[in-house]
Amino acid sequence: MSVSPPLKPATLHDVARAAGVSPITASRALSNPALVSPKTIALVQQAVEATGYIPNLLAGGLKSRRSRMVAGIVPALSVAQFLPSVQTLTETLAEEGYQVLLGQTRYDAVREEAVLNTMISRQPDGIVFAGLIQSQAARERLRRAGVPVVEIWDLSQRPVDMLVGFSHLKVGGALAGFCLARGWQRVGIATADDHRAMQRREGFIAAFGREVPTACVAAPSNLERGRRALADLLAQDPALRMVCCSSDQLAHGVLVEAHARGLRVPQDLAICGFGNADFSAHLLPSLSTVLVDGPGIGRLAAEMVLARARGEPVAQPVVDVGFRIVERESTAGG
């Protein structure tokens, strides 16, 4: 049985031949269309479709020093709160011909450094990192590499380069004020063990004025861990009146466990989440949560990277987008 040899990918010369133009003209039509006529652009585009030609972005990057790739790094792809930012980041960059290469750290410092090293070696036009880069060695490597970096979903006075986020300490303080304003003294915290979630707990305790029962689960949090968290909290204080959760996923689990125990929400137990996941408004009862402009964070991060790629200064390299508490049925009537 004979085996056909693999087809060779179409080249720019194949496109030029099919369009009846020179390779230089075909190249200009694809990379700098303002230099050629609309008729020529149409001919070249038809030839691209006919031949199946895919431009060699690596070769183009060597000439322009652009890879047309931006690295997006998140703790875990399963964490819903980051998804709107990733989606908007991807869409905004795609409009300018950039693609996003995603990596995840799994909340592990060693893996974080390894992922960053791999991304830097691919010479991206930018890196967007969910959280603050903790490794000092990685921070120095990024500065030396000269890669534009945008840290997102956090706030710091000493970002690696640029930052779009908000204060997790202030989120915790606001939630404590929310509870105190309703007279809830028997409050518990269900939290993942990652840095940002623990900062929110720290801000809560500082504003609340005393320690409160806490159930800490491994990040990333999920429904099952939320159920276990409520069981833990009720073992610490059976008369608990309110539970603040570090994510809507965790709050969903707390809600399910409350129903399983015959507790009415919010009459017997109020619950608040964090992140405003797309399901939170559709639970029964609907879930109160902390709303952060995730899409806005992704869009601003993309705009910062694009500005730096064009050699333009970024007027405001650190942006605090703030947050707000959205009260729904799970805390109503407190």
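Q: Which residues of α3 do D14, V15, A18 and A19 in α1 meet?
A: They meet L43, V44, A47, V48 and T51 in α3. Contact means heavy atoms within 4.5 Å. Helices are DSSP runs (H or I, at least four residues), numbered from the N terminus. This is a predicted model, where local features need pLDDT of at least 70, side-chain atom pairs count only at pLDDT 80 or more, and totals for chains, interfaces and linings use all residues. Residues are numbered from 1 along each chain as its sequence is written, and side-chain values use heavy atoms, with hydrogens and water left out.

Q: At what angle do helix α1 and helix α3 cross?
A: Roughly 120°, and their axes come within 8 Å. Axes are lines fitted to C-alpha atoms, for helices over the stretch in contact, and angles run from 0 to 180 degrees between N-to-C directions. That makes α1 oblique to α3. Roughly parallel is under 35 degrees, roughly antiparallel over 145, roughly perpendicular 65 to 115, and the rest oblique.

Q: New topic. How do α6 and α7 pack?
A: Helix α6 (residues 109-121) and helix α7 (residues 136-145) pack at about 10°, axes 10 Å apart. They are therefore roughly parallel to each other.

Q: Which residues in α6 meet α7?
A: E113, L116, N117 and I120. On the α7 side are A137, A138, R141, L142 and A145.

Q: And what does M242 touch?
A: Leaving aside neighbours within four places in sequence, M242 is in contact with several residues, including F178, W184, L269 and T331.

How values were computed
Helix = DSSP H or I, 4+ residues; strand = E, 2+ residues; numbered from the N terminus.
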